[in-house]
Amino acid sequence: MDLPRIESLVHAVQAAFEEGGVLSLAQAHFSPRAGQTEMALAVAETIEQGGALVVEAGTGVGKTFSYLVPALLSGERVLVSTATKALQDQLFARDLPRLVDALALPVRTALLKGRASYLCLHRMELARQDGAAHDAAVARVLARVETWSQGTVSGDLAELPGLDERSPVIALVTSTRENCLGSPCPRFRACHVHRARREALAADVVVINHHLFFADQAVRDSGMAELLPSVRVVVFDEAHQLNETGVQFMGRQASTAQLLDFSRDVMAAGLQFARGLADWLAVAAALDRAARDLRLAAGRAPAGARLRWMGEVPDGVDPGEWHAAMHQVVSACRTALAALDTVSEIAPDFVRLHGRAVQIMERMDGFSQPCGADAVRWVDVAAALRLVEAPLDIAGPMRALWHLPSGETAAAEASAWDEQAHGQEEETGARRSQGKPRAWIFTSATLGDDATLRWFTEPCGLQDARILRVESPFDYASQAAFHVPLALPKPSDPAHSAALAAWVGDAVLVLGGRTLVLTTTLKALRAIGEALQSRFAGEPGIEVLVQGQWPKRRLMERFREGASEGRAGCVLVASATFWEGFDVPGEALQLVVIDKLPFPPPGDPLVEARSQRLEQAKRSAFRYFSLPEAAITLKQGAGRLIRSETDRGVLVVADTRLVEMGYGKRLLSALPPMRRLQTAQEFDAALRALTTPSTMAPTWP
């Protein structure tokens, strides 16, 4: 992308965003926004000079254009990372093509996802050997995948309509780092993952996701090892997820699910390529028993629990049973190794399976050793058991990558990465500008609740980055209001969820749906969801949706439809991922209810470890961790309400601590500047005003 640089990048970007500029000429509904231009100019300056820029851009600023326009006009090779695969698809299929056309640039773009997003042709051929394929429902979905595979070019499973992201078929027809055969694979030349990586290496702008970025930093398996050194501009959109995503990859993990996957793959490969040469049934049975017994060793902890692991074994676990179960895993892997050794030359599958057995044994050995310094260890309990050891944040390892030294050791850490990157740049023929350091752009609508954005910059090692905060252009005072119902029980009262469900139900009757209830716990999700579904079971005009009952994508699509085309209005009760990234502009959503202040769970081992580190440093864990975490999450949840200049609605926080406790002022300051509805009468009037047909009706109080 070698473009003539007749004028400076900053001037070119300024001109693009002006009235009558290239964007307004190419986009029918484009209008200049001061905040959007301010951010775009800051991005342009960072690209010109190098270094790191952290931008908190309020909802409606148009941050995507603010970083894409200067990135595209710079002529540099660009990497854009988003939080989710859905955002990747939107950026690649909608935003990038629109801007490339508007700017009339000869730019090659590519989309790169992780292995689990692409069909693996070899594993699809083995899938019929898997016991799960004998289930009629699984067999039907597998048949659809097989038919689709004959016409797809990209192999991206997101292209297959109606494929449930929870389908067990996905694991059967995709590869992982552990089971991918690499170049010895008989279908390597047609491999969709390999093709996507080749296209990314040849592109000027590559769109990835945070999981893919950190997977490579941890295991060098995503294709980024070749790609990143050839890129000079890196943008992280939805950057607020960086720390938590990075922590997942920069530690050690093992799970009974991995063991069961290994067992299934041993069975499938054995029956396909070496039937009768080993007792594959016995090998798989031993692995299955080991996985089952390890899960049982965790006791009766409820699904979703996290067990602290401060000593030799997790809390509440019998040491004898735990050590015996861990030993049984290793023993089952040794049995598998013995069988695999006898057939290793028959197919590359057996060589890869041998390596996986060794890896599982090494992981189990790692968990038998003391936990690493500045790390925390725990066990996630679900249908499968997951053993985790993770750093408390990503600041240490990532500071060197950002090239923003802090202390005497950071420069030494950075030099090792530089040496590796320099060699790879020569191999890939990178076109990085001579003498210019890499530019790192981090942006999100929610990055902190103070001027320094410490909540984001400190755990990510970005304290020395340039900080910019751009306010939302929305008129929150006229578009939105918030209310705290004082008559509800205290959040600690067991009756809180039932009372809130009844209160929400009354509001839903007025609005005819159009309500999103965000809960802080799965227990509250179930209680409120079940109560509302029971209340509106015979109401044809109201449909209550509850997270977990449908696939997430289907829930989002149905809720956005609202009461259109004679369909019922919707109420969605959700938790976790629906607090952010859920965009519903228009009248389909006009009431957002948050059940409690979203403080981090005190019993979570990672939360406890981070709090203890602060207390040891003579810093209040509540002030510097719990309160900022609650402020950020509250801000994210509130951000679901107003998504365009014409939206209007009411935010309800059903937690009186927001207005009764001293720390409530800090949490209130994190919210958009909505006006306060003090009384139940004011709330009722505002709710009824939302039922008027005009989006900006004069009756809106």
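The model is predicted, so local features need pLDDT of at least 70 and side-chain atom pairs count only at pLDDT 80 or more, while totals for chains, interfaces and linings use all residues. Numbering starts from 1 along each chain as its sequence is written, and side-chain values use heavy atoms, with hydrogens and water left out.

Let's start with the sheet. It is open, with 4 strands in the order β6-β9-β8-β7 and antiparallel pairing; strands are DSSP runs of E, at least two residues, and helices are runs of H or I, at least four, numbered from the N terminus. Pairing takes at least two DSSP bridges between two strands. At the edges sit β6 and β7 (306–308), each pairing on one side only. From one strand to the next, the twist averages 20 degrees.

Now look at β9 (residues 385–391). Of its 7 residues, 6 are buried, meaning under 20% relative accessible area with a 1.4 Å probe, protein chains only. On one side, 4 bridges join β9 to antiparallel β6 (residues 252–255), and Ala254 stands opposite Leu387. β9 also pairs with β8 (residues 375–381) over 7 antiparallel bridges. The two make a hairpin with 3 residues between them; Val381 partners Leu385, and Ala375 partners Pro391. Helix α13 packs on the sheet, touching β6 and β9, where contact means heavy atoms within 4.5 Å.

Finally, Leu277 lies in the loop between α13 (256–273) and α14 (280–297).

Methods: Buried < 20%, exposed > 50% of the residue type's maximum accessible area, 1.4 Å probe, protein only. Axes fitted to C-alpha atoms, helices over the stretch in contact; angles between N-to-C directions.
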